[in-house]
Amino acid sequence: MKRTLFLVEVAIFAAFALLLDLIPFLSFKIWAQGGSISFAMIPIFIVAFRWGLKGGLLAGFLWGVLQVAVGTGYILHPLQGFIDYAIAFTVLGFAGVFSGKIKQTVQEGNSKQYLLYISLGVFIGSALRFIAHFIAGVVFFESAVQGMNVWIYSFLYNGSYILPSFVLSAILVFFLFHKQPRTLLRFDNLV
């Protein structure tokens with residue numbers, strides 16, 4: 001039962017992340033080549049904080065695969081596609097390393113502590129995603145940069161949507177768990 005619940009939740013939240021990224025009024029496209037400020041990372045962080053590292057990594061991976069499957073992925077080279085979709089979205093799940101600490105501090109009612117752990121988890125996941133996209137940008141999109149240092153371009157391009165998405169995700173995930181701390185508890189813990 002627990003394994004089935006895990007797989008169902010991971011799949012649903014990964015699909016929800018894709019939907020949040022596809023719905024036009026919930027995703028603010030800022031670059032023609034891709035990259036948007038959206039709520040889409042939030043479901044991955046929720047899974048990571050509910051199920052830990054394994055759940056977060058799997059949900060992130062599925063979200064990346066779904067983007068390629070539905071045709072929203074922009075792939076120039078197989079390795080670039082692997083970095084930009086498989087790796088970049090999977091590493092969001094590293095937020096799950098703080099799952100236990102967040103649950104513990106929520107149960108203690110220490111909102112400053114769980115705000116810190118949620119922020120750190122969302123930051124780590126977002127920073128690792130940024131690094132993956134940054135590397136792919138430097139290696140595979142150098143020809144797209146006319147007269148600008150590719151390192152600076154990749155930094156600015158990827159930072160321009162990941163930083164606001166990090167802030168948005170950290171705030172909304174904190175408020176979700178602050179207003180409904182039971183959302184951190186998995187159903188299998190309640191029965």
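# Reading a bent helix and its surroundings

Guide: Helix α2, residues 41-69, has 29 residues, yet its end C-alpha atoms are only 18 Å apart, whereas a straight helix would reach 42 Å at 1.5 Å a residue. Keep in mind that this is a predicted model.

Visitor: Where does α2 bend, and by about how many degrees?

Guide: The place to look is G52, where α2 bends by about 150 degrees.

Visitor: What follows α2?

Guide: G71 follows the helix, and its phi is positive, near 90 degrees.

Visitor: Now salt bridges. How many does a search of the whole structure find?

Guide: First the general idea: side chains of opposite charge can pair when their charged atoms come close. In this structure the search finds 1 salt bridge. The side chains of R50 and E9 meet in it, at 2.6 Å from N to O. The pair links distant parts of the chain, with R50 in helix α2 and E9 in helix α1 (residues 2-22), 41 residues apart.

Visitor: Is R50 buried or exposed?

Guide: Compare its relative accessibility with the cut-off: buried means under 20%. R50 has 9%, so R50 counts as buried. E9 also counts as buried, because its relative accessibility is 10%.

Visitor: Which residues form a nonpolar patch on the surface?

Guide: The patch is formed by L163, V167, I171, L172 and F175, which together have about 420 Å² of accessible area. Take L172 as one of them; L172 is found in helix α6, residues 150-179.

Visitor: Why does L172 count as partly exposed?

Guide: The partly exposed class lies between under 20% for buried and over 50% for exposed. L172 has 33% relative accessibility, so L172 falls in that class.

Visitor: Where is Q146?

Guide: Q146 sits in the loop between α5 (111-140) and α6. Its relative accessible area is 70%, so Q146 is exposed.

Notes:
Residues are numbered from 1 along each chain as its sequence is written. This is a predicted model: local features need pLDDT of at least 70, side-chain atom pairs count only at pLDDT 80 or more; totals for chains, interfaces and linings use all residues. Side-chain values use heavy atoms; hydrogens and water are left out. Helices (H or I, at least four residues) and strands (E, at least two) are DSSP runs, numbered from the N terminus. The expected span of a helix is 1.5 Å times one less than its number of residues. The bend at a residue is the angle between axes fitted to the seven residues ending there and the seven starting there. Patches are made of residues with over 30% relative accessible area and no salt bridge: like charges are joined within 9 Å, nonpolar side chains (Val, Leu, Ile, Met, Phe, Trp, Tyr) within 5 Å. Accessible areas come from the Shrake-Rupley method with a 1.4 Å probe; for residues, only the protein chains shown count as cover. A salt bridge is a side-chain nitrogen of Lys or Arg within 4 Å of a carboxyl oxygen of Asp or Glu. Buried means under 20% relative accessible area, exposed over 50%, partly exposed in between (1.4 Å probe, protein chains only).
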